[in-house]
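Work through each task on your own, then compare your steps with the solution.

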Amino acid sequence: MDYQRVIDEKIAWFWDYRLPSMVERDLSLGEPQTPAMGNRVKVVVGIRRCGKTWRLFQEIARLERAGVERSRILYFNFDDERLRPYERTLPAAVMERFYTLSPSARQGAYLFLDEIQDVPDWGIFMRRMVDTEAVCCYVTGSSSKMLATEVATEFRGRATRYELSPYSFREYVRAHGMVESALSPTAPLTEQNRLDLMRLCDEYLVRGGFPEAQSLGDIERIDMLQDIAANVVAADVLERHDFGSARIARMVCTQCLATSARKLSVTRLHNQLRSRGLSIGWDSLVSLIGYLEEANIVYRVLEYTTSIAENSRKASKVYANDHSLMTAVSSTATSDMGLALETAVYLELRRRSSFGRKNQVMSYDIKRGSTSYEVDFVEGDALLGETTNLVQASVSLGDPATRRRELRALDVAMRAGGIGVGTVVTLRDRETVVGGAGTIRIVPAWSWLLGREDA
């Protein structure tokens, strides 16, 4: 196939393209490497439409501010119908045209290759580039096509994988015009700042963090979110894994999203499908849920346990990649701010863990006598018996029974883990409770999500 005209058009478009103002994303890709043979490839993965392309543009803008000429930068998006059906020679043809149009780039080039994962043998091409050319490479793709195991296999330890998610609350506030100084953990806040942040947090728990959704009305936003879920099922489950039943895949995806912040019983789900006349084996259902997790649309949170073996028949909590996905597919969840809050807390803990704190985020059920206590999130290493952080999420502690339950569970877990501090994230409450096990901080969601627990 003659790609040259399309390739030339795309390269010329980027060289003429004026990068727009962008919402700064907090995911760091580290310092840019000086182009050289043997550099590590930086692979950015994430759910569809979470902003991977814009994160590349953010990095390109950073290079240009540092004085790198546009002619030494190649941005190329392979998700273009004019390039299909993909041939193995396509990436090599792109590079050849780039070097022809910009000969000086052979002395050192920055490559930003967007959605390359569907091109056959893309990994072989990338390995050749980093082994033989003076380049610094950035690659993006849907996460199910670039799993951690696959990236490790393709690049033989020569790649670093970064996970991008929809906006955090900090990024949401930035996107909606709040001055950057108010986002500093130590900057003083006016009373108006606090009221604005409280309002934005309420909106965030409803609207969610997908960048495109911020400018849409409710009907268009829900349609977009449902479209994301449908595309994940179609491309990342049915196509990638050759899963046989589109109806079962859609129903299981919807159920997982609607169950966000609650326990998902595979047994109950299996029985529900059978009651509707839908036949699927147990192992196939477990695999299907795993495919959805690979695609970064839902995450399972396992129970904190010192057992090495994972029991697939035990119910585990699931969380949607963004709380807006939960409400987009389930009318019953629309008004449940508690589920949205708990989902947002989990996602923030996951971000913080991926930004350098390598503790696993789990749930924690602990028994004392005949009484069982539940803590929403524990960070640590279960097999080593290490606990580093305990967090509850509750809309309000105004109800005495709720307050006793949440604080007692934290107290028991703090004693068991030898931790002197626990946290309850609420919508509005703020208080410090000192007890026998240590200090429990009760903080509003807006300040906890910004890392301003004392604001």
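**After the helix**

Helix α14 is followed by Gly418, whose phi is positive, near 65 degrees. Helices (H or I, at least four residues) and strands (E, at least two) are DSSP runs, numbered from the N terminus. This is a predicted model in which local features need pLDDT of at least 70, side-chain atom pairs count only at pLDDT 80 or more, and totals for chains, interfaces and linings use all residues. Residues are numbered from 1 along each chain as its sequence is written, and side-chain values use heavy atoms, leaving out hydrogens and water.

**Exercise 1.** Compare the reach of α14 with its expected span.

*Solution.* Start with the residues: α14 covers 400–417, which is 18 residues. The expected span is 1.5 Å times one less than the number of residues. From first C-alpha to last, α14 reaches 26 Å, close to the 26 Å expected.

**Exercise 2.** Find what covers the buried residues of α14.

*Solution.* First pick out buried residues (under 20% relative accessible area, 1.4 Å probe, protein chains only); among them are Leu407, Leu410 and Met414. Next look for contacts (heavy atoms within 4.5 Å). The cover includes β9, β10, β11, β12, β13 and β14.

**Exercise 3.** Work out the strand order of the open sheet of six strands.

*Solution.* Strands pair if DSSP finds at least two bridges between them. The edge strands, each pairing on one side only, are β9 (360–368) and β13 (431–434). Now zoom in: β10 and β11 pair in the antiparallel sense over five bridges, and Glu379 stands opposite Asn389 in β11.

Conventions
Buried < 20%, exposed > 50% of the residue type's maximum accessible area, 1.4 Å probe, protein only.
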